[in-house]
Amino acid sequence: MPSSRMMCCPAAPSTEMSGLIFDSHAHYQSGQFDPDRAGVLASLPGAGVAGVVECATDHATSQGALALADQYEFVWAALGVHPESLIQENASTRTRFGGDWAAELAAIRPLYEHPKAVAVGEAGLDYHWPVPKDAQLALFEAQLKTALELEKPIIVHDREAHADTYALLKKYRPKGVVHCFSGSAEDALALARQGLFIGLGGAVTFPGAKRALKVIDALPPECLLLETDCPYMAPVPCRGRRCHSGMIAHTAAFIAARKGISEQTLLETAAQNARRLFGL
């Protein structure tokens, strides 16, 4: 049975969605799942979840993402180094590699040979936290090159770093997704024209998410991926609780209503987009 923490918000919309939810960005290795990780993951297919991409943030979580992918048929792995790992004391970037991100990327490189390693990431830029800018720019550029060399998509983190993120994406033109998109509708359209997907999660349901509404209005479903970034950013009406992939049903219902289409149509399209991007 789902844990009590899984039942903390109203039931998902009643639309028939068995096997339609594809969560393109999750972090089930988070310590928030330590008490009941196996139970939560085992319950997801019953909540309509057909696919999850577990996103790594360093070498240790890259290995962990592959371990989860081996254990659960519906889980795939993205491998890489998050910019925040450059300063996080418990990240393997520091504990094992002493801050030498190039050595860490070299250690991750053989892991991409695993058949369920489908993307590079989570990689990108984060100017919200005091991460040395030169280091994270070099780290992101190195992972963009890796994605192109391996012919894999990249999962892009962009927080308060739009101009530099978009400039590097324009320079390298990878396939991939800008996750938890926070830019303008004009930015989203430009990235979509470049062939990138736009990842939307529970934050679009928050009051005051006016830019997100404009992005939803501007883009066709064929340009969108749905995600959670769980355990973070649970959608309304679950806001403030630990998020899990089944909650995408609420995000999908919100976006579908905004676009005047059925929830099932949106979920099917987003899942097809994810499978095409990740080569599944």
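Gln-194 sits in the loop between α7 (185-193) and β7 (197-200). This is a predicted model. With a relative accessibility of 16%, Gln-194 counts as buried, because the cut-off for buried is under 20%. Setting aside neighbours within four places in sequence, Gln-194 contacts Leu-169, Lys-170, Arg-173 and Pro-174.

**Helix α5 against helix α6**

Leu-169 also belongs to a helix contact, on the α6 side. Two packed helices are described by the angle between their axes and the distance between the axes. Helix α5 covers residues 133-150 and helix α6 covers residues 162-172. They pack at about 30 degrees, with axes 11 Å apart. That angle makes α5 roughly parallel to α6. Their crossing is right-handed. From α5, the contact uses Lys-133, Leu-137, Phe-140, Glu-141, Leu-144, Lys-145 and Leu-148. From α6, it uses Asp-164, Thr-165, Leu-168, Leu-169, Lys-171 and Tyr-172. By class, the α5 and α6 contact holds seven nonpolar, one polar and five charged residues.

**Helix α9 against helix α10**

How are α9 and α10 (residues 263-278) placed, by angle and by axis distance? Their angle is about 110 degrees and their axes are 8 Å apart. The two helices are therefore roughly perpendicular. This crossing is right-handed. On the α9 side, the residues are Ile-248, Ala-249, Ala-252, Ala-253, Ile-255 and Ala-256. They meet Glu-263, Leu-266 and Leu-267 of α10. The residues of this contact divide into eight nonpolar, no polar and one charged.

**Salt bridges**

The model has six salt bridges. The table lists three of them.

| Asp-34 | Arg-37 | 2.5 Å |

Asp-36 lies in the loop between β1 (21-26) and α1 (37-43), and Arg-242 in the loop between β8 (224-226) and α9 (248-259), so the pair ties together parts 206 residues apart in sequence. Are Asp-36 and Arg-242 buried or exposed? Both are buried.

Asp-217 is partly exposed, at 43% relative accessibility. Arg-258 is partly exposed too, with a relative accessible area of 42%.

Asp-34 pairs with Arg-37, with the closest N and O atoms 2.5 Å apart. Asp-34 counts as exposed, because its relative accessibility is 53% and the cut-off is over 50%.

**Around Gln-29**

Arg-37 comes up again in the surroundings of Gln-29. Gln-29 is placed in the loop between β1 and α1. Its relative accessibility is 24%, so Gln-29 counts as partly exposed. Which residues does Gln-29 touch, beyond those up to four places away in sequence? They are Arg-37, Glu-54, Ala-60, Thr-61, Gly-64, Ala-65 and Leu-68. Ala-65 is 36 residues from Gln-29 along the chain, and their C-alpha atoms are separated by 7.6 Å.

**Backbone points to check**

Most residues other than glycine have a negative phi, and most peptide bonds are trans.

Glu-122 is in strand β4 (residues 117-126). Pro-231 is in the loop between β8 and α9.

That loop also holds Asp-229. Asp-229 is buried, with a relative accessible area of 12%. Glu-160 lies in the loop between β5 (154-159) and α6.

Note on methods:
Residues are numbered from 1 along each chain as its sequence is written. This is a predicted model: local features need pLDDT of at least 70, side-chain atom pairs count only at pLDDT 80 or more; totals for chains, interfaces and linings use all residues. Side-chain values use heavy atoms; hydrogens and water are left out. A salt bridge is a side-chain nitrogen of Lys or Arg within 4 Å of a carboxyl oxygen of Asp or Glu. Buried means under 20% relative accessible area, exposed over 50%, partly exposed in between (1.4 Å probe, protein chains only). Helices (H or I, at least four residues) and strands (E, at least two) are DSSP runs, numbered from the N terminus. Axes are lines fitted to C-alpha atoms, for helices over the stretch in contact, and angles run from 0 to 180 degrees between N-to-C directions. Angles under 35 degrees count as roughly parallel, over 145 as roughly antiparallel, 65 to 115 as roughly perpendicular and the rest as oblique. A crossing is left-handed if the near helix is turned anticlockwise from the far one by less than a right angle, and right-handed if clockwise. Contact means heavy atoms within 4.5 Å. Ala, Val, Leu, Ile, Met, Phe, Trp, Tyr, Cys and Pro count as nonpolar, Asp, Glu, Lys and Arg as charged, and the others, Gly among them, as polar.
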